[in-house]
Amino acid sequence: MTYCPANIALRIAYDGTLYKGWQDNNKHRSIEKELRTVLEKILRHQVKLEASSRTDAGVHAEEQIVRFYTPKQKLDTEKLRHSIHALLPDDIAVISVEKKPFLFHPTTDSYGKTYHYYLCTSNVQLPHFRHYSWHVPQMKDIDLLMQAASYFEGEHDFAAFCGQLSLQSYTCTRRYLSRIELIPLPDDRFRIEIEGEKFLYKMVRNLVGTMVDIARGRLCIDDIEEILSSKLRSKAGVCAPAHGLFLHKIHYNPLFR
């Protein structure tokens, strides 16, 4: 008989405020370390976690897909979900646990992601939003922000929106963004929805920061073409703070979803 471990996928959500991101670096508190510690306590064997996206310090997730292999073929997935959820801290939630095909991988089998970024433009931001939206009271020209967003839709070389130290890790910096949309919310807040196939390191935060800089007059719409063609991070706008960013959804074909 050929041995074949079970491929288990978790759909989790988390508040990233108190964490140094998804990835465990052995020095700081991370989502990966918290989740792995709980799983190894329940399953009583070592676990290697692979996630759909490596969120940075302070970034939140409404849907993060994580897989691991286990020799325990007869796992009750709903019982496992309850057990994990009971041991995790309150700022990490397990939404579902599923058995997947053996070769399913949360990164390589996805065809896109949607990120949400939250902004607040009122003079005073309500305190309970302070960890979840960027307060930019000087940004009043929302129409200008949306004009800027339209320039980034489609396929472009986004090298100027990637951290310079990370550029060497990419063989290609061309990316396709299928949608950038601004959604008005109560209390002078807005949600920027950005959907695409793949993203460079800090690309979403750098795009948002550049759009905000255009909306508050620090950059001009006409600068966008030059920024893209320059491929220089120094030409683009500020990097938006991590706490306004949410990994909203990972897109898979129906077989894996």
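This is a predicted model: local features need pLDDT of at least 70, side-chain atom pairs count only at pLDDT 80 or more; totals for chains, interfaces and linings use all residues.
Good morning. Residues are numbered from 1 along each chain as its sequence is written, and side-chain values use heavy atoms, with hydrogens and water left out.

Let me begin with the chain as a whole. The protein chain has 5 helices and 10 strands; helices (H or I, at least four residues) and strands (E, at least two) are DSSP runs, numbered from the N terminus. Its radius of gyration is 20 Å, close to the 18 Å that the globule rule gives for 257 residues, so the chain is as compact as a globular protein of that length. That radius is taken over C-alpha atoms, and the globule rule is 2.2 Å times the number of residues to the power 0.38. Along its principal axes, the C-alpha trace spans about 65 × 40 × 35 Å.

How much of the protein chain is buried? Buried residues make up 53% of the 257 residues. Here, buried means under 20% relative accessible area, exposed means over 50%, and partly exposed lies in between (1.4 Å probe, protein chains only). The chain exposes about 13,000 Å², and carbon and sulfur atoms supply 51% of that area. These areas come from the Shrake-Rupley method with a 1.4 Å probe; for residues, only the protein chains shown count as cover.

Contacts are the next topic. A contact means heavy atoms within 4.5 Å. Of the contacts in the chain with a separation of 6 or more, 71% are between residues 24 or more positions apart.

As for charge, the chain has 35 positive and 31 negative charges, and their mean positions are 8 Å apart. Lys and Arg count as positive and Asp and Glu as negative, while His and the chain ends are not counted. The place of a charge is taken as NZ of Lys, CZ of Arg, CG of Asp or CD of Glu.

The C-alpha atoms of H82 and L247, 165 residues apart along the chain, are separated by 23 Å.

Several loop residues deserve attention. R29 is placed in the loop between β1 and α1 and is partly exposed, at 35% relative accessible area. Leaving aside neighbours within four places in sequence, R29 is in contact with L18, Y19, K20, E34, P89 and D91.

Two further residues concern the backbone angle phi. Most residues other than glycine have a negative phi. R44, however, has a positive phi of about 65° although it is not a glycine. R44 lies in the loop between α1 and β2 (50-51) and is exposed, with a relative accessible area of 75%. K202 likewise has a positive phi, near 60°. Its place is in the loop between β9 (189-196) and α4 (203-215), and K202 counts as partly exposed at 30% relative accessibility.

Where does E153 lie? E153 is in the loop between α3 (142-152) and β7 (154-157), and at 33% relative accessibility it counts as partly exposed. Not counting residues up to four places away in sequence, E153 touches L177, R179 and I180. The C-alpha atoms of E153 and R175, 22 residues apart along the chain, are separated by 9.8 Å.

Finally, Y176 is in strand β8, residues 174-185. Y176 is partly exposed, with a relative accessible area of 36%. Leaving aside its neighbours within four places in sequence, Y176 is in contact with G154, E155, G196 and E197. Thank you for your attention.
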